[in-house]
Amino acid sequence: MLSKNNIDLFIKVALGSLLIIFLRIELVFSDLLPTGGDMGAHIVPTKFFVTELFNNFKLSGWSQDWFAGYPLYYFYFPLPPIVTSLFSFIFPFSISFKAMVLLSQVLLVISIEMLIRKNAKQFSFYGFGAGLLYLLTESFTIFGGNLASSLAGQYSFTYSIAFANLSIFYLLKSDYKFSTEIASLLIGLCVLSHLIPFMIYLPIFAVYFLKSNVKIYKKISGFLLFLFIAVKFSISLFINLEFTTNMTYTPYTQISDLVKSDILPFVIGSIIFIISYSRKTSLRAISGFEIYIISISIYLFFYGPESALWNGRIVPFFNLGIIILFFNLLNFDILNLTKKIQGKYPLAVFLLFINGYFMYLYYSKWGNTYTTTTISLILIISIMTLISAKSENFLIYTALISLTFATLSYLPHWLNWNFTGYESKSNWSDITTLYEGLDALEPGRIMWEPNSDLNKYGTPMVLMTIPMFTDHQSVEGLYFDSSITTPFHFLTVSGLAERPSNPVGGLTYINGEFDKGLRLMEELGVDYFIAYTSSIKEKANKNENFKFLFSNEVFNVYSINTMKVELVDDDLYVFESPGFYERLRGAILRESSDQNFFDAAYESFKNESNYKIIENFDKSLIEVSDKNSELLITELNIGNNLITFKTNKPNQLHLIKVSYFPNWEITNGKGPFRISPSFMAVIPNEEFVELKFESTTEEKVLNFLSFFALFGALLTTYGYKKRLINVE
């Protein structure tokens, strides 16, 4: 006969096995690149991070892969690629990436389990069930937190919630002597994973942190450790926020947009629990944490400012608060609940029947498609049920686990689709032959026709992987918010696609205006165009400015005659930018004003005006140009950290068709200046021109402050302990 401790241990192992088997660990450790939604494009910057940044002891930098160049991991979050890089010491990149995603899901479930524990060391079976339920909700697929969102590419958000949960646990329930310091490090890792969960959790974390009974030196040390982890990334993000694209997502307004169908039963269940028992009894099961999460979610969803925070992102936090509330109430009152039911054996028989029925439903949906995984899960749940048959508490718990799996409608398919990878897709040879053809061409910047039908290759974003498999760059990339060239790309490609996606709100697109799309493409310095649909191929074939290169029977590839560096012969409109704090406020709240560089640049680009918008520029810096000689650019090299070329027109204003960012510095000349649409303009002092991507003064100061904070934390702890020794 198994003892209670042995039963508990077995069920813990069984639960862990359930989770990783469901998450398809056998596919995670197959050497296939993951795909599906945004995830299929995330591999490109992650691979860049592993090979170009992490190996050179950097956490951010510049990549020419997408959007005519963009700042990498200044605005998107570096923790997931750091984890991938660490795994890459052991595994190939494809396995490392999937293992990183798998870890985020496991960590989330564990973090919720730990939050629901009655004390630091007592494993909460109901907490694990709550975590599993939260992970497997299917009512939304992009907001973040659940598995569906992670498979769509939002695993960074999942990491952030998990670290935030763990930070609260170490503040409230852990008796470990370094709990305060660990909590501070974890909330710092929350920042490095995603900013939104950090902003939601920060007020409650600060309250718990300040109210904790630990000695003041530990609070100081913890705060300094947090600064060490988070100060460089977070402040750098805010300083540069004006150089991002406002996607202008439409906010939700209905209660049903917040309270999803799969969370509604738990809202109702929580209310029933509270009113079914005495007020005192019910309140004992409720903590301030879930009340805060539910309250702040409702407030921000309906009354939060329409800014960079899209209120759809609030839904995961409301779900989390409700699920924790429900399971806390259920766990607290489960004994009272079972005592009220007359007859121990009828209840046990009923629960066994319910478990069997739920497992039957699960098998009927997925048994024929994913047989091994499905049978493995059913076998584990069956053994759990039999071992715990004498405990109504555990039978109810296993029934909830069974119900969670029985109600799944698409997640097993999504897991299989993503983790079987690009290479297993039946039409993948269309992409490989395309890339083989591209590799035979001179490296260049490629714009391609978007189409939802490309999902058959793994994701509609499949051609964003061009930089990963070839020596070319893709104008379209995933990190829409990160580049100020993003809206100009989508405006341009809307005229060159049969079914454009048009994801940036607030733009006036040029759908169907193919010739205008070509002219704007030339303005963006695009070298090649890939057509997918028959109608666009026909238009390209008829246009003399498109030179047909090759076809693989699915994609047609054309070249376009463009220049990456030009003299600015247009009239100049000098834009005087407002002060830093006004620009920062506008970037955070997404408030447009009369003084907005993007609006002026967008109008000039869209209307094909004969003038350029240039920021904070003195026209007297330009010498009179020799109109009798043409510009000659030679030895052009556009790299990730260095741009060099030779010009026969020094002291003239040169337009470099690479996205502007303040980290670019010219070695001998003036600039770079931001010039419409979103590029750099320089005045070189000599024929050889060199621009480097360097750390700004602010970044160097932040680096110093970061390590100074670490030194301060260590010094604080050491100094206090030394004083204790002297006192003794």
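Trainee: Is Phe91 buried, partly exposed or exposed?

Mentor: Buried means under 20% relative accessible area, exposed over 50%, and partly exposed in between (1.4 Å probe, protein chains only). Phe91 has a relative accessible area of 26%, so the residue is partly exposed. Please note that this is a predicted model, in which local features need pLDDT of at least 70, side-chain atom pairs count only at pLDDT 80 or more, and totals for chains, interfaces and linings use all residues. Residues are numbered from 1 along each chain as its sequence is written, and side-chain values use heavy atoms, with hydrogens and water left out.

Trainee: How many aromatic pairs does a search of the whole structure find?

Mentor: Rings of Phe, Tyr and Trp (its six-membered ring) pair if their centres lie within 6.5 Å; planes under 30 degrees apart count as stacked, over 60 as edge-to-face and the rest as tilted. The search finds 69 aromatic pairs.

Trainee: Why is the pair of Phe29 and Phe91 edge-to-face?

Mentor: The planes of Phe29 and Phe91 stand at 75 degrees, with the ring centres 5.4 Å apart, so the pair is edge-to-face. Phe29, at a relative accessible area of 40%, is partly exposed.

Trainee: What is the geometry of the pair formed by Phe67 and Phe480?

Mentor: This pair is edge-to-face, with 6.5 Å centre to centre and 80 degrees between the planes. Phe67 counts as buried at 0% relative accessibility, and Phe480 counts as buried at 14%. Both residues belong to one aromatic cluster, whose members include Trp66 and Tyr479.
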